[in-house]
Protein chains: 2
Amino acid sequence: MTFAKSRESLGSEIESLLGEDIVLRPDKSSFEDFKADLGDFASEPAVVVQPKTADHVSKVLKYANDRKIPVVARGAGTSLTGATSTFGGIVIDFSKYMNRILSVDTTNWYAHCEAGVVLDDLKEELKKKGFFFPPDPASAPWCTIGGIISENSGGMRTFRYGTVRNWVLALNVVFADGTKAKLGEPLPKNRVGYDLVQLVCGSEGTLALVTDAWLKITPTPEEEAGTPVKKFMVFFSSWEDAVNSIVGIRSSRLIPNLLEFMGAEALQSVDDSFEIGIPVHEATLFMEASDELIPKILAVCKSNGSVDNYIAKDEKDGERLYSARALLHLGVKSLDTGVYAEDAVVPVDRLADYVTFVKQTAKKYGVKIPLAGHAGDGNVHPSIVYHKESKESRESADLAFADIIRYAVSLGGSVTGEHGIGKQKLNFARDQLMERNGPKVINLMQEIKKLWDPNNILNPGKFVVEDSGEKS
Amino acid sequence: MTFAKSRESLGSEIESLLGEDIVLRPDKSSFEDFKADLGDFASEPAVVVQPKTADHVSKVLKYANDRKIPVVARGAGTSLTGATSTFGGIVIDFSKYMNRILSVDTTNWYAHCEAGVVLDDLKEELKKKGFFFPPDPASAPWCTIGGIISENSGGMRTFRYGTVRNWVLALNVVFADGTKAKLGEPLPKNRVGYDLVQLVCGSEGTLALVTDAWLKITPTPEEEAGTPVKKFMVFFSSWEDAVNSIVGIRSSRLIPNLLEFMGAEALQSVDDSFEIGIPVHEATLFMEASDELIPKILAVCKSNGSVDNYIAKDEKDGERLYSARALLHLGVKSLDTGVYAEDAVVPVDRLADYVTFVKQTAKKYGVKIPLAGHAGDGNVHPSIVYHKESKESRESADLAFADIIRYAVSLGGSVTGEHGIGKQKLNFARDQLMERNGPKVINLMQEIKKLWDPNNILNPGKFVVEDSGEKS
């Protein structure tokens, strides 16, 4: 890192460039909010900038690029991988001012939002107009549009609706050198030029910073189906039966709107923390489907050994079931002082092998690993719980984390389904790319990074390895 | 173009490299098939290679790259933009041998296909297993998987299901230098690395050649809904009423599986050529929806002045309606000796302005411009019919073509929704990118091209402008 300015002079220079009101220096108490993320990755920015316009972003980037100072974009800081951490760089916080929903177009079916809009705020605004934006990471009450685009977030509805990238039409971005540009068009079809929008989606702030985005919206599942849609749970006395049901649902070509798995330990931790009142079985599937599909889905589960089920009585009751799943990470976090959210993804027909391995790994290292997640797309999250204050416990958790990732990759899976790479999985990602895609592909990625950000100021040291890709 | 080898010696060198059986030289009668595409763009390749394996493709590319000889990939040649034409280069024809469906995975929901598989062959194979691959360009009976990926094809179901890029999970490609690599993973979620798969989708063979692909598949619309799904037509005595109905359907948050517009002239031409027996009204909407949604959609159309409707009696009858739309390009082609398929896309709420302008333009230049296409996503194709043998007629058609494109862009639309750029729209695309996205974006696209294909051998002179992007 070529950054060698004192944080004092950096702060005053940026203040004189942009005005005091949008610069947060370490002496302010709210600066503390930027020292960690939801994954407990520490951060020590030199200064936090809270821009009000794309021009502010452009000025900061030009300043930083000329001086080779790292710049890290941040929304709510709900990254679980250290994607927003920095030591000595400039954090650009989009959440403070750039948080307006600029328009909702109910004929052309898009919403135009600034990067700092909170996902649930968008969802609520759309709901008033009868529309729906499907991606729903569990962090939806806090996470921002800029964050979900940079992370190409998934969530519970990916099984049917795809990840965030499927819902992004166009972006306004600022490049590393401060140039502002629109990528793509807010049209459902556009074949002009290489798809730079998709290149930016999921790039973790390493190519350009998104200031605002045109997102595709769609009618609610209920309106789409033209029939009532309900949330429901199916209970199992063995996780094997639950996993076989998932495979059965897919092989039977049934497509619920969401298809989630929750193990006993995980569900118990949520119920202990939030008193949601869901009976704890060895394994639970949480789903949403139309009245037409529910009996067919229940029949598949029954034939795979389900012991009971519960269909939400009304929308409010459905939200209660949903919250049990959405609050899982927080529930699990309460089990001890530290937790690694594992995010490997495996082919759906290898889920049983994967779950078996996770359970063996928990036993091997003597750590708790509650399981829950997006079973419909093979992305079940093991949460590796550890005791932060104990070196031994941390080491066991590290070993378990690595073993599970490597096993998932050996099954034909991937290091990360939705949480991304950040700092946390840089080496694992490199190994996967080397093995599956080869050095030429790694090299292309590195060269793309250089092309977009020649001075390597945008979130350096994250997402893409800077070395040759060969194992050290 | 640095190509300066005689086609005679080029042919024999490639024959000795790969074996005679996979090389087609100009003296063979089947060579004639490669001298034009569906859009009547002429081509004069030096040699056609018909590889059996990715290794063959790799060898040809390495050979061509070392000698800077242009290479153009070709499936069925149904491009409408000159994307497969070349003068003096090597055409790689994937359709002859590399046309196997390698696997259909009904648990993980993907099909793994070689590039030369015909789209309808895949659809038929999937249908046997109860699955469905939604993208359906009208060329589906002939076009190939490699072609639809390179062109990011759309078709009638884009309105609901998106374009081909939404259905591509992973690709095996050969880079310009002959290196083979897999891009992406056949998983519904994968957050490792920049999304190079999406960069290749829609790149018209200018970055890498696709040898085989993992495509996402899904249950049929009927199975997805759990209720019967029917095709139907709604008839209007004015196109304004039809266009208002489209806007009404969208504003009412109704989402048919397809939503197509057909003007009287276009429909008449199909009926004259293929005797499908559909009554010709001033404007017709062709749709597919579940039993639940059909009455709601019909009500919106009625309130916008529809005069009649026809619901398909059974699947076979539905296919008849579908074929009326799918055969439109061929119907319109029969009207004279030449036709330009215009492919501009406009925001849905500007469709009325667009159609008005097209009708004025037809009058202004004294040319026939039947209208039909993907109204649900603002991608109605005007077909500019002309008399190839008359210079005057060709010139009028050229002017009409340009006027319509420029008007669409001025409405916030795009030069091309699905047919792509090829040779045909290079300057229009450049102008659009300059105006909307700026020189930095054009430069990034050019640099990406250089990074992937430093010797500029992959479909040179197509898709991406090679100059500075400034208007000459």
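**The interface of chain A and chain B**

Trainee: Which residue of chain B forms a salt bridge with Lys189(A)?

Mentor: The model is a predicted one. A salt bridge requires a side-chain nitrogen of Lys or Arg within 4 Å of a carboxyl oxygen of Asp or Glu. For Lys189(A), the closest N and O atoms are 3.6 Å apart, and the partner is Asp377(B).

Trainee: Which element gives the most residues to the side of chain A that touches chain B?

Mentor: Several elements of chain A each supply at least two residues of that side, including β9 (180-184), α8 (239-251), α15 (426-436) and α16 (439-452). The residues of that side divide into 35 nonpolar, 35 polar and 25 charged. With nine residues, the element that gives the most is α16(A).

Trainee: How many salt bridges are counted between chain A and chain B?

Mentor: Polar contacts across the interface, with both residues at pLDDT 80 or more, amount to 44 residue pairs. For salt bridges between the two chains, the count is 18.

Trainee: Which residues of chain A lose the most area to chain B?

Mentor: The two chains bury about 7600 Å² between them, with 60% of it on carbon and sulfur atoms. Three residues of chain A together account for 15% of what that side buries: Lys189(A), Arg191(A) and Tyr194(A).

How values were computed: Residues are numbered from 1 along each chain as its sequence is written. Chains are lettered from A and ligands numbered from 1 in the order in which they are written. This is a predicted model: local features need pLDDT of at least 70, side-chain atom pairs count only at pLDDT 80 or more; totals for chains, interfaces and linings use all residues. Side-chain values use heavy atoms; hydrogens and water are left out. Buried area is the accessible area (1.4 Å probe) that two parts lose on being put together, summed over both. A polar contact is a pair of N or O atoms within 3.5 Å; within protein, one must be able to donate a hydrogen and the other to accept it, and residues adjacent in sequence count only if both atoms are side-chain atoms. Helices (H or I, at least four residues) and strands (E, at least two) are DSSP runs, numbered from the N terminus. Ala, Val, Leu, Ile, Met, Phe, Trp, Tyr, Cys and Pro count as nonpolar, Asp, Glu, Lys and Arg as charged, and the others, Gly among them, as polar.
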